[in-house]
Amino acid sequence: MIPAATPLLSVQGLKVHYAVRQGWRGKHFAVRAVDGVDLTLRAGECLGLVGESGCGKSSIAQALLGLVPATAGVIRLDGHEITGAAQVSAMALARSAQMVFQDPMSSLNPRQTIREILSAPLRLHGMTDRAEREARVAEMLGLVGMSPEVASRYPHEFSGGQRQRLCIARALILRPKLVICDEPVSALDVSIRAQIINLLLDLKDKLGLALLLISHDLGVVEHMSDRIAVMYLGRIVEEGGWREIFTAPSHPYTRALISAIPDPLHRDRVPARLGGEIPSPMAPPEGCAFNPRCPQALPQCQSGQVPDFTRLGADHQARCHLLKTGTSHA
Amino acid sequence: MTKAVLDVRNLAISLSDGAVRVPAVEGVDFTINRGEVFGLVGESGCGKSLCALALAGLLKAPMAVSGGQILLEGRDLAPLPPREMRRLRGDKVSMIFQEPMTALNPLMTVGDQIGEMFVLHRGLTPRAARLKAIEALEQVQVSSPERRINAYPHQLSGGMRQRVMIAIALACDPALLIADEPTTALDVTIQAEIVELVLELCRAKGTAVMMISHDLGLVARVCNRVAVMYAGQIVEQRSAEEIFTAPAHPYTRGLINALPRLGRRLERGQERLTEIGGVVPAIRDFPQGCRFAPRCTRATAECRAAPVAMTDLNEGGRVRCLHHV
Ligand SMILES: Nc1ncnc2c1ncn2[C@@H]1O[C@H](COP(=O)(O)OP(=O)(O)OP(=O)(O)O)[C@@H](O)[C@H]1O
Ligand SMILES: Nc1ncnc2c1ncn2[C@@H]1O[C@H](COP(=O)(O)OP(=O)(O)OP(=O)(O)O)[C@@H](O)[C@H]1O
Ligand code: SF4
Ligand code: SF4
Ligand SMILES: [Mg+2]
Ligand SMILES: [Mg+2]
């Protein structure tokens, strides 16, 4: 038997909890930002991660990069375990995974030239030969569609889209296998957004780059992702191929999410309004976390355990009691 | 008397560089009526935020209003000194910013920041203001508000911070609310709810809203009228129904073509998005004639010769183009 290719990234049972205090000298509360998440991502694949504001998307990204500690769970990146006792150094991690942030201005040091910004990680990782560094900087600039001459300029001399290209060049300069993009285009306008999306997809094809794409813009997510994971309050509630998620959304939250997408050419499209209060990760509701807002909630949704995943297809599953009742014998 | 809450006439904003004044925004005209939602869209750097800041009296040197009038309920704000503007801000005019992290004070709890509005503009005691702050957070659907008022901005998610901003902005029922990219940080269901919520609160009070956004879908849905800006000028101003379905200006058409449209991948596969070639000119390099000419596929010599004026469209609205569709 041929062993199935090991995924580039595998995350099992990831939890990220933060301790916060009520008032000064007050009681401590745990914010269960990420509460048991499994993810896999293969080389050359784009996984879209969507979900409500505050559901824990950025916390996952930060845990993957070692920027916040994982409370529990195992993260394996490129065959190495990067959580817990086996924690690797930030240096080694940087070679495998890099991040592109939402705001391209605040993530570039205004006092450094583009050359300094791009070659710093190379120097840090032991590329001592200046000519070699220069060559890599020029190569990366070319890759993101900018001329090598820009290396001597400063960040403020570039437009928002150009700066985001520079951030992408910096993220790619150590040739990582995974790039995490947390809202990479939401600060950009429509036409620059198109450039960056085209660029990321080109690089994914050319370099076999894996992308973890976090975005609230479902138009972008649909366009770019191979697979999509939908999160709600610290957990994944549905995941599947992009086609399944957009044509056969099965979890009531995913359906609400998709019906809420605004489209300029369909002005009358009124999103389904979810009632109910947005729950807090400090006090997640009992049962299915979505139950206070779910238009189809059943009595059994309001207590007990979080619903398990129901398999809906080869690569499609969702956590909802409604799905179980129909397919419980499958 | 007009029912326009806001009447902006021939607004100009310039950058002063020593003795030289470089115009950044020119000839901007629009009105917003009571209870109306007016959308302002356009490429990054075209001057949307400058307009917003001018309306709120928040322009900072080297930028300043260099011409025109900003009539809020009939009173011209353009010549008011900063001290006067500070008194109006949060009371008559409020603003929700693009980046909540930079607009919120990192060293103050959100409760104190909301409460401050009531202390400043309504003369409440800190104790009464605190109760109002909890109410205001409840209004924007922040869960456990009595706990959240003790939180500092960095302890909240992006979306939560934006709600706090909204609570601050609406605390004193302003006549004009300026929302600069109010919901980029929010997921679409919350976006819909928040925008709906803001608009409901505004509609009930007759608040005029100016909404700046790169999210054309959102703008189409919630705005009555929309203006498209390019390089410091309004280039098209129409009703929200027409501007997206029958755009007249080549730039507006380009914007709509560049959108990753939902459902298109299912129909046609993952094709490349249509970019608008070229870049927006910097304010020092605005072309002589039509400012879009270097990037426009319909440009002629006539377009490049002299500045292009706004003209009326037969079907209503205005456009700044010699060869519009
Ligand atoms: N350092 C921190 N201390 C305490 N709570 C935190 C901290 N960082 C995040 N949180 C909380 O954890 C939860 C998840 O936050 P996170 O930033 O991961 O959400 P998100 O899904 O990225 O949201 P958004 O879409 O708004 O960016 C939120 O409730 C947030 O308030
Ligand atoms: N203090 C300043 N000094 C010099 N130029 C400035 C200053 N503030 C703004 N500008 C320039 O004025 C132009 C308009 O800026 P503005 O912030 O209004 O753009 P915008 O339309 O809001 O863009 P975005 O969509 O990216 O927010 C830009 O070209 C910007 O670089
Ligand atoms: S489990 Fe119940 S509450 Fe949760 S999504 Fe399904 S129907 Fe709604
Ligand atoms: S005036 Fe000419 S250059 Fe300008 S947008 Fe119209 S056709 Fe294009
Ligand atoms: Mg986030
Ligand atoms: Mg702006």
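What is the order of the strands in the open sheet of eight strands in chain B? I read it as β6-β7-β8-β3-β9-β10-β12-β11, with mixed pairing.

**Ground rules.** This is a predicted model, where local features need pLDDT of at least 70, side-chain atom pairs count only at pLDDT 80 or more, and totals for chains, interfaces and linings use all residues. Residues are numbered from 1 along each chain as its sequence is written, chains are lettered from A and ligands numbered from 1 in the order in which they are written, and side-chain values use heavy atoms, with hydrogens and water left out.

Entry 1: Strands here are DSSP runs of E with at least two residues, helices are runs of H or I with at least four, and both are numbered from the N terminus. Two strands pair if DSSP finds at least two bridges between them. β11(B) pairs with β12 (318–319) of chain B in the antiparallel sense, over two bridges. I found D312(B) bridged to R318(B) in β12(B).

Next I checked the helices. α1(B) packs on this sheet and touches β3, β6, β7, β8 and β9 of chain B. Contact means heavy atoms within 4.5 Å. The direction of α1(B) makes about 150 degrees with that of β8(B). Such angles run from 0 to 180 degrees between N-to-C directions, with axes fitted to C-alpha atoms, for helices over the stretch in contact. Helix α11 (250–257) of chain B lies across β3, β9 and β10 of chain B, at about 100 degrees to β9(B).

**Entry 2: the four-stranded sheet.** Chain B also has an open sheet in the order β2-β1-β4-β5, with antiparallel pairing. β2 (20–33) and β5 (75–76) of chain B each have a single partner strand, so one side of each lacks a neighbour in the sheet. I counted 10 bridges between β1(B) and β2(B). One of the bridge pairs is A4(B) with N33(B). Helix α1 (48–55) of chain B packs on this sheet too, touching β1, β2 and β4 of chain B. Its direction makes about 115 degrees with that of β1(B).

**Entry 3: ligand 1.** Which chains surround ligand 1? Residues from chains A and B do, so the site is shared between chains. I listed 20 residues around it, the closest being S53(A), G54(A), S58(A), S59(A) and H216(A). A residue is near if one of its heavy atoms lies within 4 Å. An oxygen atom of ligand 1 is 2.7 Å from an N or O atom in the side chain of S58(A). An oxygen atom of the ligand is also 3.2 Å from a polar backbone atom of Q155(B). α1(A) gives the largest share of the shell, three residues.

**Entry 4: ligand 3.** I found 13 residues around ligand 3. The closest are C288(A), C294(A), C301(A), C320(A) and H321(A).

Entry 5: Most residues other than glycine have a negative phi, and most peptide bonds are trans. N10(B) has a positive phi of about 50 degrees although it is not a glycine. I located N10(B) in strand β1 of chain B. The peptide bond from A61(B) to P62(B) is cis, with omega near 10 degrees. P62(B) is in the loop between α1 and β4 of chain B.

Terms used:
Polar contact = N/O pair within 3.5 Å; in protein donor to acceptor, adjacent residues only side chain to side chain.
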